[in-house]
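Thanks, everyone; let me put the model on the screen before I say anything about it.

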Amino acid sequence: MNITIQPTQLKGNITPPPSKSQAHRVVIAAALAGGVSTLSNVAPSQDIQATLGCMATMGTGVEPMEETVVRIHGLGRFVAQKMDHLLRFDCGESGSTLRFLVPVALAVAGGGAFAGRGRLMERPQKPYFDLFDEKGVFYEQRDGALTVKGTLKPGRYELPGNVSSQFITGLLYALPLLNGDSEILLTTPLESEGYVDMTLEALGLYGINVRRQENRFAVPGRQQYQSRDVRIEADWSQAAFWYAARALGSEVSVAGLNKESAQGDRVIAQQFEQLTVPGDVALDVSQCPDLVPALAAMAAVRQGRTYITNAARLRIKESDRLAAVADVLGRLGADVTEQADGLTLVGRDSLTGGVSVDSHNDHRIVMMAAVAATCCHRPITVVGAHCVAKSYPDFWKDYEKLGGRIVRS
């Protein structure tokens, strides 16, 4: 689907959708628990549907979503078992689903065959592969699929903290199920720390004890997840685009957010304040890389230079997100320069527009373009705008609710 956007300011109150990051974590914990957990305020995004589907493949009972409520009948206590055939998991385009569930599948079912779409299977898995070489776990990646097979054993797991926090989260879910104690030791500083905090919070809600001391996580074995009803928080990551609209002159009020949330992307409120004051600003995004498209949109139309640094990991997202941000904003008329690990933007009074831009099959690039369109002189067309369904299915509905003028084709 392509969408043409007429330049106009947005106005009104908006509550962001439920947190996709929290929902992934709660769904997996509930699926591993005994009993029934009722999860409310769950958005039926493609990524969350992928995680629900994979947990159903593992044997979890997942009742069909009723508006924003899903009931999960957990697996309960189990031990890894040899199966006649490996389970096959469809992860869609969700990196969280894939990386979270690889260790869980080893702990629950002795492995599995994982497939996905888009760039998912191109995204690096080396931290797991290095561990599997050390632990004697079989893995093979070919023809767009990753197969893992073996027994996950308790012990010491060393991995870098600066590649993706998703590898740490996957192990944190699986290791408590083993028949002995384990520890995770990070060999480099932890980036995206807020996401690990969200994992620890979700584990604690479901009765799992993990002790963290700086770069070390002590994970007792023989633990059992306990069922619990949870309401998913509003998503600070998606709120960032409405903050961006506000920074660009729209009268948008963002409601329903938990200011004490474990979500690391709540830092967008502070960054918004920085970018609405004239002058040069340097933003280190090592702990919040998903905010870069929204931050870049704000930086494109302001007084001063903005330096976005430590964002190299964005090159292995749904798109090469640094290149995609530079491409789309540059076509709209922004003064943006791409570096190896970041972006430099020189703010302008407005953007020209009058062009067609590619979504790069990246939901955050589409939302960035939609917000930037409010400052364009001429309409823009976003090709492949439907990919917002990956994380924010109602984005265009909310955009129109705030007065946005769009034409679908």
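This is a predicted model: local features need pLDDT of at least 70, side-chain atom pairs count only at pLDDT 80 or more; totals for chains, interfaces and linings use all residues.

Residues are numbered from 1 along each chain as its sequence is written, and side-chain values use heavy atoms, with hydrogens and water left out.

The sheet is open and mixed, with four strands in the order β16-β17-β19-β18; strands are DSSP runs of E with at least two residues, helices runs of H or I with at least four, both numbered from the N terminus, and two strands pair if DSSP finds at least two bridges between them. At the edges, each pairing on one side only, are β16 (281-284) and β18 (335-338). β18 pairs with β19 (residues 343-346) in the antiparallel sense over four bridges, and Asp335 has Val346 in β19 as its bridge partner.

Helix α8 (residues 268-275) packs on this sheet, touching β16 and β17 (305-309), and its direction makes about 160° with that of β16; contact means heavy atoms within 4.5 Å, and angles run from 0 to 180 degrees between N-to-C directions of axes fitted to C-alpha atoms, for helices over the stretch in contact. Helix α9 (residues 292-300) lies across β16, β17 and β19, at about 25° to β19.

Turning to the cores, the largest nonpolar one has 72 residues, and Ile5 and Trp396 are among those touching the most other members; such a core is a set of buried (under 20% relative accessible area, 1.4 Å probe, protein chains only) Ala, Val, Leu, Ile, Met, Phe, Trp, Tyr and Cys residues joined through side-chain atoms within 4.5 Å. A second, separate core of 67 residues includes Cys54 and Ile184.

Methods. Buried means under 20% relative accessible area, exposed over 50%, partly exposed in between (1.4 Å probe, protein chains only).
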